[in-house]
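Please keep the sequence and the 3D view at hand while reading.

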Amino acid sequence: MPAPAGDRGRAVIAVDCSAWSTALGDLHAEGFVYLDFLTGVDRIDSIEIVARVVDPSTLEGRIVATRVTGGSVASIASLFPAAGWHERETAEMFGIAFDGHPDPRPLLLHAQSSRPPLLKSTVLAARAVSAWPGGVEIVRRSQRPAGVPDDWLKPR
Amino acid sequence: MTPHGVIALIPAACTSCMLCVRECPSWCITLDSHTESIDEPGARRPRTVSVLDGFTIDYGLCMYCGICVDVCPFDALEWLGQHDYPEADRSALVHDLDRLSAWLD
């Protein structure tokens with residue numbers, strides 16, 4: 001598939017979740033055989049899975065993305081061996097399953113009992129207990145317009 | 001391309017608007033100030049100025065994203081190229097007003 005026009009390599013090709021492995025398979029067949037990265041973004045209503053593949057002979061890249069709402073998406077690890085580790089990390093960080101992954105063990109995290117850390121709904125404990133420095137009220141705004149005396153509402 | 005090392009403060013330019021404190025994603029900046037009234041001869045009313053009492057950046061939390069430098073409307077924060085300020089104690093990585101303004105002396 002051709003690069004989106006005028007994209008400077010950064011435009012994202014959006015595909016349906018069900019067409020994920022087909023799209024990556026097509027790109028692989030076109031020569032984009034090197035996986036740069038595969039990761040996720042929590043878009044609140046869905047998890048966006050983003051991957052960038054590169055053609056090593058031209059160093060051209062394509063960024064593909066899809067939205068996952070059903071909790072799982074096809075694994076591309078059989079086509080792009082590097083995706084093996086990228087998908088394992090994305091799975092534990094966002095709570096997504098990659099169907100057909102040859103080795104779906106956690107990559108970096110120990111206990112699966114804690115919530116996926118990169119979901120926006122997972123509260124960072126240190127953030128929850130510390131006071132936001134921006135909440136300090138620096139009282140410098142006058143509560144009254146210029147020239148109005150303090151007792152303007154009181155009867156004289 | 002500006003050198004991304006330590007972030008320095010120009011106290012004379014700071015108006016205590018708190019934008020850097022609020023926009024910092026690491027919550028690593030704190031700011032203390034008070035206001036003073038200055039009588040201007042011939043003016044209808046006194047002029048109010050903000051006086052900066054304290055400004056700290058915790059370089060143990062800072063991720064050098066530069067949002068504070070970008071957002072300051074008065075260019076009071078500046079990138080410098082210095083990287084050499086190691087400490088044996090994490091609390092010593094909290095740079096106060098004097099230390100932050102000394103970079104530009």
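## Helix α2 of chain A

Helix α2 of chain A covers residues 83-94, 12 residues in all, and spans 16 Å from its first C-alpha to its last. That is close to the 16 Å expected at 1.5 Å a residue, the expected span being 1.5 Å times one less than the number of residues. Helices here are DSSP runs of H or I with at least four residues, strands are runs of E with at least two, and both are numbered from the N terminus. This is a predicted model, in which local features need pLDDT of at least 70 and side-chain atom pairs count only at pLDDT 80 or more, while totals for chains, interfaces and linings use all residues; side-chain values use heavy atoms, with hydrogens and water left out. Residues are numbered from 1 along each chain as its sequence is written, and chains are lettered from A and ligands numbered from 1 in the order in which they are written.

Which residues of α2(A) are buried? They are A:Ala83, A:Gly84, A:Glu87, A:Arg88, A:Thr90, A:Glu92, A:Met93 and A:Phe94. Buried means under 20% relative accessible area, exposed means over 50%, and partly exposed is in between (1.4 Å probe, protein chains only). The cover over these buried residues includes four strands of chain A: β2 (34-42), β3 (47-55), β5 (72-74) and β6 (97-99). Just after the helix, A:Gly95 has a positive phi of about 70°.

## A:Arg88 and its partners

A:Arg88 is part of helix α2 of chain A and is buried, with a relative accessible area of 9%. Its side chain forms a salt bridge with that of A:Asp103, at 3.8 Å from N to O. This pair connects distant parts of the chain, 15 residues apart, since A:Asp103 sits in the loop between β6 and α3 (125-129) of chain A. A:Asp103 is partly exposed, at 27% relative accessibility. A salt bridge is counted when a side-chain nitrogen of Lys or Arg is within 4 Å of a carboxyl oxygen of Asp or Glu.

A polar atom of the A:Arg88 side chain also lies 3.1 Å from the backbone oxygen of A:Pro106. Setting aside residues up to four places away in sequence, A:Arg88 touches A:His101, A:Asp103, A:Arg105, A:Pro106 and A:Leu107. Contact means heavy atoms within 4.5 Å.

A:Glu48 belongs to strand β3 of chain A and is buried, at 10% relative accessibility. Its side chain meets that of A:Arg67 in a salt bridge of 3.9 Å, N to O. A:Arg67 is in strand β4 (residues 60-68) of chain A, 19 residues from A:Glu48, and is partly exposed at 41% relative accessibility. Side chains of opposite charge can pair when their charged atoms come close.

The side chain of A:Glu48 also makes a polar contact of 2.5 Å with the side chain of A:Arg43. A polar contact is a pair of N or O atoms within 3.5 Å; within protein, one must be able to donate a hydrogen and the other to accept it, and residues adjacent in sequence count only if both atoms are side-chain atoms. Leaving out residues up to four places away, the residues that A:Glu48 touches include A:Thr39, A:Gly40, A:Val41 and A:Ala65.

How many salt bridges are found over all chains? The search of the whole structure gives nine. One of them joins A:Arg62 and A:Glu60, with the closest N and O atoms 3.0 Å apart. A:Arg62 is buried at 7% relative accessibility, whereas A:Glu60 is partly exposed at 37%.

## A:Ala97 in strand β6

A:Ala97 is in strand β6 of chain A and counts as partly exposed, at 36% relative accessibility. Its contacts beyond four places in sequence are A:Gly71, A:Ser72 and A:Val73. A:Ala97 and A:Glu87 are 10 residues apart in sequence, with 8.5 Å between their C-alpha atoms.

## Where chains A and B meet

The contact draws on 12 residues of chain A and 16 residues of chain B. Together the two chains bury about 1,200 Å², 63% of it on carbon and sulfur atoms. Buried area is the accessible area (1.4 Å probe) that two parts lose on being put together, summed over both.

Across this interface there are zero salt bridges and one residue pair in polar contact, both residues at pLDDT 80 or more.
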